[in-house]
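Keep the structure open as you read.

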Amino acid sequence: MSTVSTRFRDPMVRLRRFGGDILVRCPACSGRASIRPAPSADNPRAAGLHRRLTCSGCGHVAHWSAPQHGNGRSLPHLSGPEDPYFGLPLWLRTDFRGHVFWAYNADHLTLLEQYLTADLRERGSAFSCCDMSLLEQLPAWMKAAKHRGDLLRAVHRLRARLS
């Protein structure tokens, strides 16, 4: 009987790739809401500077604009387990042995699942000495083989929240 090992090659993406659509807990009804870029009527290219929170459950809407600093604007750092714009808890989050396991959206959760299910994890092409991919920056507790089964169960619980 032969076993087929699964391979995973790091696609070398950064967390900001998943920041376009962030699923959060609605502050009004505690249901699932999303935060997306909000194009400005004045300047559609400034969408990265404005975000809109919308809840399809209760209709709650909120707006966020990047704060002005001198001649420019500063954007928040994406790092979870809260959204960086409104500070709301992420929809896809669960406690895991004293840590918080989280994902911004379904695509982010899928990448984590692919990483966790792989028997062989290969590095991708390096960005540079200072830039690391999302997966290279995962905490040691997420990379530990002894936690894979439990983390995959956490992924499945979070995936069920998407239905």
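Arg97 sits in the loop between E8 and E9. Helices (H or I, at least four residues) and strands (E, at least two) are DSSP runs, numbered from the N terminus. This is a predicted model, where local features need pLDDT of at least 70, side-chain atom pairs count only at pLDDT 80 or more, and totals for chains, interfaces and linings use all residues. Residues are numbered from 1 along each chain as its sequence is written, and side-chain values use heavy atoms, with hydrogens and water left out.

Arg97 is exposed, with a relative accessible area of 52%. Exposed means over 50% relative accessible area, buried under 20%, and partly exposed in between (1.4 Å probe, protein chains only). Arg97 is not a glycine, although its phi is positive, about 50 degrees.

Ser30 is another non-glycine residue with a positive phi, here about 70 degrees. Its place is the loop between strand E2 (22-25) and strand E3 (32-37). Ser30 counts as partly exposed, at 41% relative accessibility.

Most residues other than glycine have a negative phi, and most peptide bonds are trans. What is the peptide bond from Gly80 to Pro81? It is cis, with omega near 5 degrees. Pro81 lies in the loop between strand E7 (72-73) and E8.

Now move to strand E8 (residues 92-96), where Leu92 is found. Is Leu92 buried or exposed? Leu92 is buried, because its relative accessible area is 0%. Leaving aside neighbours within four places in sequence, its contacts (heavy atoms within 4.5 Å) include Leu23, Phe101, Trp102 and Leu158. The C-alpha atoms of Leu92 and Tyr104 are separated by 6.6 Å, with the two residues 12 apart along the chain.

On a 1 Å grid over the protein atoms alone, a pocket is an open set of points where a 1.4 Å probe fits, with protein on both sides within 12 Å along at least five of seven lines; lining residues have an atom within 4 Å of a point. Grid points are joined across faces, edges and corners, and a volume is the space filled by probe spheres set on the points.

The largest pocket holds about 470 Å³ of space. Of the 18 residues that line it, Leu15, Leu78, Ser79, Leu134 and Gln137 are the closest to its centre. Strand E9 (99-103), helix H1 (106-117) and helix H2 (140-143) each supply at least two lining residues.

The second largest pocket holds about 160 Å³. Among its lining residues are Phe8, Asp10, Arg121 and Lys143.
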